[in-house]
Amino acid sequence: MDGVFETFKLRAEAVSAEVHRFSHKNEALAFILNHLNNAGVRDAPQDYAVWASCPFLDGLDQQQISTQVPGLIFAVNREVSALAKVGISQLDWAIANTGSLMQDAALVDQRLVSTLPLIHIALVRSDRLVPDLPAALTKIRPEQTNYISFITGPSRTADIERVLTIGVHGPEKLIIIFYDVPGSVN
Amino acid sequence: METKFRESIVKAVHNPNLTGALGRFSEAYRTSRLKAYEGYDFEALRTQIAERKSYAASHLDELADLFTKNVEARGTKVFRTNDPAKVREYILNLARENGVKSVVKSKSMASEEIHLNKHLELAGIDVGETDLGEWIIQLAGQTPSHMVMPAIHMTKEEVATVFSEQVEDGQNPDIPKLVKFARGKMRTKFLDAQMGITGANIAVAETGTLVIVTNEGNARLVTTLPKIHVAIVGLEKLMEKFDDVVPVLTALPKSATAQLMTSYVSMISGPVPNTDGSEKQLHVILMDNRRTEMSQDPKFKQAMQCIRCASCLNVCPVFRLVGGHVFGKIYTGGIGTILTAWFDALKASDDIQSLCIQCGNCVEVCPGKIDIPGLILELRRRLAVEQGQPFAQKAIFSVVNNRKLFHSMLRAAYVMQKPLQKGNFIRHLPFFLSELTEFRSLPAIAEAPLRDTIKKIQQPASKNKERIAFFAGCLIDFAYPEMGESLVKIMNKAGIEVVFPEGQTCCGAPARYSGAYEVAAQNATDNINALLADDVTYVVSACPTCTVALKRDFVSTFESLGQTDSLPRARQLADKVIDFSSLVKKLVDAGRLKFKEGQQLGKITYHDSCHLKRTLHASQEPRELLRRAGYEIAEMYEADMCCGMGGSYSLKLPEISAPILERKLVNIKNSGAPLAVMDCPGCVMQIRGGLDKQNSTIKVEHTVQRLADELE
């Protein structure tokens with residue numbers, strides 16, 4: 001597991017993503033909330049944070065969390081996403097040898113929060129790490145969902161003078177947060 | 001060749017922004033591509049892609065039906081047509097029915113192929129290209145200069161000017177700021193658009209899945225925000241199984257941009273909810289536009305294996321000089337020439353097919369295993385059949401085809417060249433021929449051709465009566481007989497007698513590479529008769545182009561012309577043919593030739609000739625022989641890049657041949673070696689002539705000359 005994780009981290013960082021890992025969900029949450037405050041998230045257009053529904057939020061008190069970060073919105077829609085600085089979502093799988101994330105993204109909220117804001121925070125369970133693409137494609141099949149998304153690093157272009165520039169249409173920052181789940185095989 | 005076309009070439013090679021950007025890119029690409037493929041078995045990977053794509057091309061109809069059935073089952077509408085006009089009509093009607101005023105597009109070459117934007121705009125619909133490069137050229141009113149990097153020819157200053165003039169005043173040439181500006185402007189378009197149009201990189205039949213890759217993330221927005229999504233999919237994108245996406249997604253990012261994976265991959269198998277909860281209208285247009293016909297053509301079927309990575313552009317010595325604009329169409333470079341001939345018209349490829357110098361670089365990197373130069377030759381052949389050859393060309397070939405006339409004219413030329421000759425060179429030619437000697441001197445025609453001098457060589461009787469036949473080729477025979485004499489000397493040292501079949505003539509490469517296959521076939525027949533007359537163990541040539549002609553092209557020419565009767569003897573000859581360095585290597589390995597002991601002969605640099613390295617796969621043999629002779633090899637940069645000779649190419653397109661040679665000369669000089677060695681008399685002619693023009697002291701020689709005196 002650790003070797004695979006190290007490979008993932010290396011590959012993801014090579015394409016300008018940030019990678020963190022926490023052994024407890026609460027630590028991951030604290031990190032995120034701290035990050036939102038530091039990023040200047042506030043209750044004002046352009047500075048919202050939008051968090052799409054996900055398993056990570058199960059059992060957490062969303063109202064209580066919102067009070068800690070004004071401007072953090074769980075009722076995601078197109079309008080607030082377009083006015084958000086940060087988007088948070090959970091990705092289903094991570095692929096080590098390309099540093100990619102994979103998700104069943106049929107629900108539009110999952111795509112809104114990961115395409116429109118400038119910063120995307122992507123949560124992944126630590127046990128949801130596969131070595132490569134063939135392995136990943138056994139986990140989510142097109143028979144199960146109409147939209148599968150793969151994300152590898154932030155949005156990028158080299159269309160002007162071949163100079164690599166991060167953040168053209170999608171996020172300019174991708175922060176990947178792994179969290180360990182008790183009882184799962186890591 | 002049209003004057004306009006020639007002018008566009010001259011304009012391109014003199015555009016420092018274009019050649020600078022493309023040149024730097026091609027240099028960086030070579031290394032970064034290799035790095036991206038580290039740990040992968042590229043041959044195995046591309047074999048798999050070629051096999052899966054070829055399977056799909058053989059089952060197009062069946063896969064299109066299966067794809068249609070599967071996507072329709074989930075509520076997607078499918079429209080399949082061979083007619084580009086019907087594609088445009090379908091989209092326009094759909095737009096009208098739904099009151100669409102604004103469309104956002106992510107990159108789709110299929111839509112460009114049918115000029116969709118123009119038609120939608122004429123109907124009053126706003127069309128926004130959202131790929132940054134595509135948007136820039138859309139605003140500038142230009143066509144793409146590269147299939148993957150459409151605006152690579154423009155500087156940031158030019159982009160800033162286009163943005164300032166077309167969008168909003170006051171943009172500065174600062175790349176991050178320009179990108180941010182584009183993001184802001186495009187964001188509004190994304191949010192306002194009622195229809196999104198994409199292409200697809202793969203369409204999986206068994207699951208009805210569209211696979212779309214982008215780095216910018218624009219396809220995710222195009223398929224998420226508007227309520228209607230139209231995907232225009234060329235039939236060549238169909239693949240049978242979902243697992244077929246693995247090899248393509250593994251190769252595409254590496255070959256296209258040297259990335260391990262593209263930033264975003266979307267796999268769409270049916271309609272998804274819109275942001276207002278309604279269901280998205282998803283339409284897939286399966287566009288044929290002659291793809292079925294292509295898949296049924298025995299030669300061109302393999303072009304269906306293309307995954308549109310554009311690596312053939314990135315490694316092309318010609319493309320990096322001229323860029324995409326000279327192609328005048330959407331599809332550019334090697335594969336673009338082929339696609340244009342099919343999706344536009346064969347005639348549309350008339351000028352652009354001549355750009356291919358047949359160096360074979362693209363064959364080595366193509367992830368679809370497409371023989372691009374081979375297909376371009378086939379285009380040439382078909383064009384020659386359809387339109388006939390230009391008059392002058394025809395006249396030349398009629399001479400080449402008459403061996404006695406051809407040879408007596410070459411002898412006459414020796415006398416006529418006298419006033420122009422300086423030593424072994426012709427440095428200037430008068431009148432309309434002057435451009436031939438503008439960038440390199442030409443070799444003077446030898447006083448006595450090899451076919452005469454070889455008779456005077458006293459060859460020791462071979463102990464075991466082993467004899468080989470020497471195929472000289474025109475350059476060695478008439479310009480560089482000393483190369484042939486050296487070869488005889490080496491073979492004699494191995495106890496082998498060299499025979500020179502008198503009936504041999506031009507190998508037919510010039511005719512074949514010009515599409516004149518009948519002429520090439522006649523040359524082939526004459527040579528086969530001459531070379532199979534004697535009982536010899538090998539037929540050796542010291543010209544890689546001739547070697548390839550004898551070993552490969554004769555068979556292929558007969559096959560193309562359906563002259564099956566001639567095939568057995570062509571194959572019989574092919575089995576005996578070997579290039580000089582490979583033969584000497586064999587003789588050394590067998591202990592029949594020995595190098596003098598302990599020699600230190602100094603530094604040389606070695607230039608790989610295209611046909612020797614990439615068709616005959618001999619690049620280590622000459623190097624090893626030269627090392628064992630006592631030379632130290634100082635490798636030059638891009639040693640295996642074409643020198644720009646390309647046979648008659650350098651006569652037809654000196655505008656391109658000259659700058660390619662210029663790069664080669666710089667690399668030779670930078671190696672620091674006083675001597676450049678190579679295995680091809682054509683390369684010797686080009687490189688020696690180029691260095692002579694520059695008054696360089698660097699010597700240029702054929703490997704055969706360097707080895708002749710170093711053997712026991």
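Q: What makes β18 and β20 of chain B a pair?
A: Strand β18 (residues 602-607) and strand β20 (residues 675-678) of chain B share three bridges in the parallel sense. Two strands pair if DSSP finds at least two bridges between them, so this counts as a pair. Strands here are DSSP runs (E, at least two residues), numbered from the N terminus. The model is predicted: local features need pLDDT of at least 70, side-chain atom pairs count only at pLDDT 80 or more, and totals for chains, interfaces and linings use all residues. Residues are numbered from 1 along each chain as its sequence is written, while chains are lettered from A and ligands numbered from 1 in the order in which they are written.

Q: Which residue is the bridge partner of B:Y606 in β20(B)?
A: B:V677 is the bridge partner of B:Y606.

Q: Why are β19 and β21 of chain B called edge strands?
A: The open sheet runs β19-β18-β20-β21 in chain B, with parallel pairing. β19 (631-633) and β21 (699-702) of chain B each pair on one side only.

Q: How do you know that β9(A) and β9 of chain B pair?
A: β9(A) and strand β9 (residues 264-268) of chain B are joined by five bridges in the antiparallel sense. In this pairing, A:I151 stands opposite B:Y264.

Q: What makes residues count towards the contact of chain A with chain B?
A: Their C-beta atoms, placed from the backbone, lie within 7 Å. The contact takes 36 residues from chain A and 51 residues from chain B. On the side of chain A, β9(A) gives the largest share, five residues.

Terms used. Helices (H or I, at least four residues) and strands (E, at least two) are DSSP runs, numbered from the N terminus. Two residues are in contact if their C-beta atoms, placed from the backbone, lie within 7 Å.
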